[in-house]
Amino acid sequence: MALSEIRPYHIIVFGASGFTGRFVVEEVARACPAGPGGTLRWAIAGRSRDRLEKVLLQAAQALSKPELRSVEVIVADVAQPESLAIMCKQGVVVLNCVGPYRFYGEPVVKACIENGAHYIDICGEPQFLEGMQLKYHSKAQEKRVYVIGSCGFDSIPADMGILYTRDQFKGTLTAVESFLTVSTGPEGGCGHEATWQSAIFGFADSASLRSLRKKFGHKPLPVVGAPIKKRYYVYHVYKRLRQYSIPFMGSDPSVVRRTQRLISLYLTQVQYAAYVGIGGVFSVAKTFFAGLMFWLMTKFSIGRSLLIQFPEVFSFGLFSKAGPSKKQMEGTSFCLSFFGEGYSNGRDPSQGKPDAAITTQIKGPEPGYVATPITMVQAAITLLNEPQCLPETGGVYTPGSAFARTTLIERLNKHGVQFCVTNARKL
């Protein structure tokens, strides 16, 4: 008998009363008709029953769905392993929205594996993601449990975007550069302090990430075809984006590299570099100053305390304790462009320069709190409905390695995160 037939809930949203968790709750409510057999059984979980019930009331009012008030509430706390075990035994998939994950994520991963629940999060912290793979991949395989991290804006668009670009390319794709641009409306835009805190602790502990990676003992990924182009730290992509860009400091490159290793047995390696557009010359100067100050302050405890206490000041308004307003989210959107090069059908990648190029794009709504709930929930819906298309055994996976053979991209296209080819040509 399938697990979904035995357990009372297909999905449990853990951390439902958090800033992002509230939006995930609303997205799960919208996705109910896409559950197995056309019905999704779900519950929400967290530390405070009162706060969780308020979340359901707010969602019921926002979506005009009074029936949401009767959704089951489960009280669970990362500091109480027995409560996590009770929660995990009731669900097929746990959506973990409790961060920063470096502090609160591992107990949930452990409880899911021990109690046979699949795990999905929206983590953008490479140290946590890679640490969970090193520590729990074999245990998850033994239990046939899928642990799939970074299923939010970090990093489903980048990871699935590489696979989409490869599939659309007529030949052997060998190198891709991605450029992210975020557009805001008259109200501007910002992120919530939880994301800011994850970045602070990640930069402060970067040495531990390097040490962790050595434990894998990985050899460098093989370079297929011509090496990817080297860019200056600040790169003026006039012909492409008409603005300056810098390397993307999030988890996308880490996640894509892990995918390349996990699928290397049956797919050609694709070299990858990620950039983010920052605007004109004034933005370059502001970004350089803010980045230098941020890097220095993360090195000292007093600096980290100031960064955490005053996110809006030290991020120049990019992050705040309140997070974005509804109007800010409505006016914000993203575009992730992929510029790929490779060798057309019949050409040997070891001979000469690339002779074909492709440009693809992913466009979507506000990335942090609109697109992220969409990608997370659709990842869960895909796992529930297409288990036969996932890797044969459980384990700790990236989105690309888990969902490469599924219809996740088609599902995202139907929910406002659009994948498309904009150009394909000979070089």
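Q: Where is Pro 100 found?
A: Pro 100 is in the loop between S4 and helix H5 (101–104). Helices (H or I, at least four residues) and strands (E, at least two) are DSSP runs, numbered from the N terminus.

Q: What kind of peptide bond joins Gly 99 and Pro 100?
A: That bond is cis, with omega about -5 degrees. Most peptide bonds are trans. Asp 154 to Ser 155 is also a cis bond, with omega near 10 degrees. Ser 155 sits in the loop between S6 and helix H8 (156–168).

Q: How far can we take such details?
A: This is a predicted model, where local features need pLDDT of at least 70 and side-chain atom pairs count only at pLDDT 80 or more, while totals for chains, interfaces and linings use all residues. Residues are numbered from 1 along each chain as its sequence is written, and side-chain values use heavy atoms, with hydrogens and water left out.

Q: Why is Ser 64 called exposed?
A: Its relative accessible area is 61%. Exposed means over 50%, buried under 20%, and partly exposed in between (1.4 Å probe, protein chains only). So Ser 64 counts as exposed. Ser 64 lies in the loop between helix H3 (49–63) and S3.

Q: Why is Ser 150 called buried?
A: Ser 150 has 1% relative accessibility. Ser 150 lies in the loop between S6 and H8.

Q: What is the phi of Ser 150?
A: Ser 150 has a positive phi of about 50 degrees, although it is not a glycine. Ser 64 has a positive phi too, about 55 degrees. Most residues other than glycine have a negative phi.

Q: Why is the pair of Phe 23 and Tyr 369 called tilted?
A: The ring centres are 6.4 Å apart and the planes are at 40 degrees. Rings of Phe, Tyr and Trp (its six-membered ring) pair if their centres lie within 6.5 Å; planes under 30 degrees apart are stacked, over 60 edge-to-face, and the rest tilted. So this is a pair, and it is tilted.

Q: What does the pair of Phe 23 and Tyr 369 tie together?
A: Phe 23 lies in helix H2 (residues 19–30) and Tyr 369 in helix H16 (residues 367–385), so the pair ties together parts that are 346 residues apart in sequence. Phe 23 and Tyr 369 are buried.

Q: What makes the pair of Phe 103 and Tyr 104 edge-to-face?
A: The angle between the planes is 70 degrees, and the centres are 6.2 Å apart. Over 60 degrees counts as edge-to-face, so the name holds. Phe 103 is partly exposed at 44%, and Tyr 104 is partly exposed at 36%.

Q: What makes S3 and S15 edge strands?
A: Strand S3 (72–75) and strand S15 (395–397) each pair on one side only. Two strands pair if DSSP finds at least two bridges between them. The open sheet has seven strands, in the order S3-S2-S1-S4-S5-S6-S15, with parallel pairing.

Q: How do you know that strand S1 (residues 9–14) pairs with strand S2 (residues 42–46)?
A: Four bridges join S1 to S2. At least two are needed, so the strands pair. In S2, Trp 42 is the bridge partner of Ile 11.
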